[in-house]
Amino acid sequence: MKGLMKTNMKIKMNVSIAILLALTIVAGCGSKNEGASTITPSPTPTASATTSPTVSPSVGTTPTPSATTSPAATATVKPSSNPVTSPAASPTPTKNGAIQVIAKPESITVLVNKMNSLPSSYEPTDLVYPNIAFTFSEKIDKRKMRQVAATAIEKLFAGAAKDGAPLAGVSAYRSYATQKSLFEAYVKKDGEEKAKTYSAVPGTSEHETGLAIDVTGSNGKCAAADCFGGTKEAIWLEKHAGEYGFIIRYPQGKAAITGYQYEPWHLRYVGADIAKEIQSKNLTMEEYYHTVPVSK
Ligand SMILES: [Zn+2]
């Protein structure tokens, strides 16, 4: 009887935690302006609430990354003794989710999330302006991507257009300083706790890598908004992004692992080999690297 009560309590707690998580998990784009519609409560929290307590990235189907693609290999020169930088080697995170600083932020396969932060001093050295359409005309930072990602996104946009799903860029690179001032403005307005629910802490936004871009249909509607999901462009991306080296970084139903609700518009360049594997096996980067779920 006591045991049963305990179990019930546990289940109840898990569900409450899951609901709490679902409510605090928001736009990975880390900017209220650019991801505004994702902040409003949507039916998705229920979905993630049911999956979050049980889903574990280390379960079953996840493959063992090969030595050449493992972040342990790419992120450090001393793979055996570096739990700080290697997601694969990360120990169980502290209960309050202490953030680790990434040692090799320039790695194309770098894992950036709420628990793995870019150093505040990191600035990619090879940012360029990809030759693609954007939803705005100014030649500003948020058009930029790192060279390899820029070349790949040009090819991806050409492929999408050829298949009748023309795209436009919404927002790509964002500097640490920009993310910091955005976040600080939100903290001033709403307090740190609330700000964290809709804006990424500086260092933890993938946009700071220069390898991520938010896209939308060429009509510019549903830019970084939930209504982009299910459009022909979003469906094309689900099918083809991997061929060009990109992944949908925050897939549907994986919020308990990535820490973010479904963002069909947020693409992350990882290179074609990894991207194709992640896409075909329906994984997240966290699962690919066998790292712990990002629950906060
Ligand atoms: Zn984004």
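In helix 10 (residues 272–280), the buried residues are I274, A275 and I278; buried means that 20 or more other C-beta atoms lie within 10 Å of a residue's own, with C-beta atoms placed from the backbone. Viewed down the axis of helix 10, they fall within an arc of 100°, so they line one face of the helix. The arc is taken over the directions from the helix axis to the C-beta atoms. This is a predicted model, in which local features need pLDDT of at least 70 and side-chain atom pairs count only at pLDDT 80 or more, while totals for chains, interfaces and linings use all residues. Residues are numbered from 1 along each chain as its sequence is written. Helices (H or I, at least four residues) and strands (E, at least two) are DSSP runs, numbered from the N terminus.

**Helix 10 surroundings**
- The buried residues of helix 10 pack against strand 7 (246–248) and helix 11 (285–288), where contact means C-beta atoms, placed from the backbone, within 7 Å.
- N282, which follows helix 10, has a positive phi near 55°.

**Helix 5**
- Helix 5 (residues 147–162) has 16 residues, which should span 22 Å at 1.5 Å a residue, and its end C-alpha atoms are 23 Å apart, which agrees; the expected span is 1.5 Å times one less than the number of residues.
- A149, A150, A152, I153, L156, F157 and A160 are the buried residues in helix 5.
- They cover an arc of only 165° around the axis, which puts them on the same side of helix 5.
- After helix 5 comes G164, with a positive phi near 80°.

**Nonpolar core**
- The largest nonpolar core has 55 residues, of which I153, L156, A241 and F246 touch the most other members; such a core is a set of buried Ala, Val, Leu, Ile, Met, Phe, Trp, Tyr and Cys residues joined through C-beta atoms within 7 Å.
- Helix 5 gives the largest share of this core, 7 residues.
- Neighbours within four places in sequence aside, L156 is in contact with A241, Y244 and F246.

- Four strands form an open sheet in the order 5-6-8-7, with antiparallel pairing; strands pair if DSSP finds at least two bridges between them.
- Strand 5 and strand 7 are at the edges with a single partner strand each, so one side of each has no neighbour in the sheet.
- Strand 5 (residues 167–171) has 4 of its 5 residues buried, so it is largely enclosed by the rest of the structure.
- Strand 5 pairs with strand 6 (residues 212–217) over 4 antiparallel bridges, and L167 has G217 as its bridge partner.
- Strand 6 and strand 8 (residues 266–269) run antiparallel and are joined by 3 bridges, with A212 opposite R268.

Note on methods: Buried ≥ 20, exposed ≤ 12 C-beta atoms within 10 Å, placed from the backbone. Contact = placed C-beta atoms within 7 Å.
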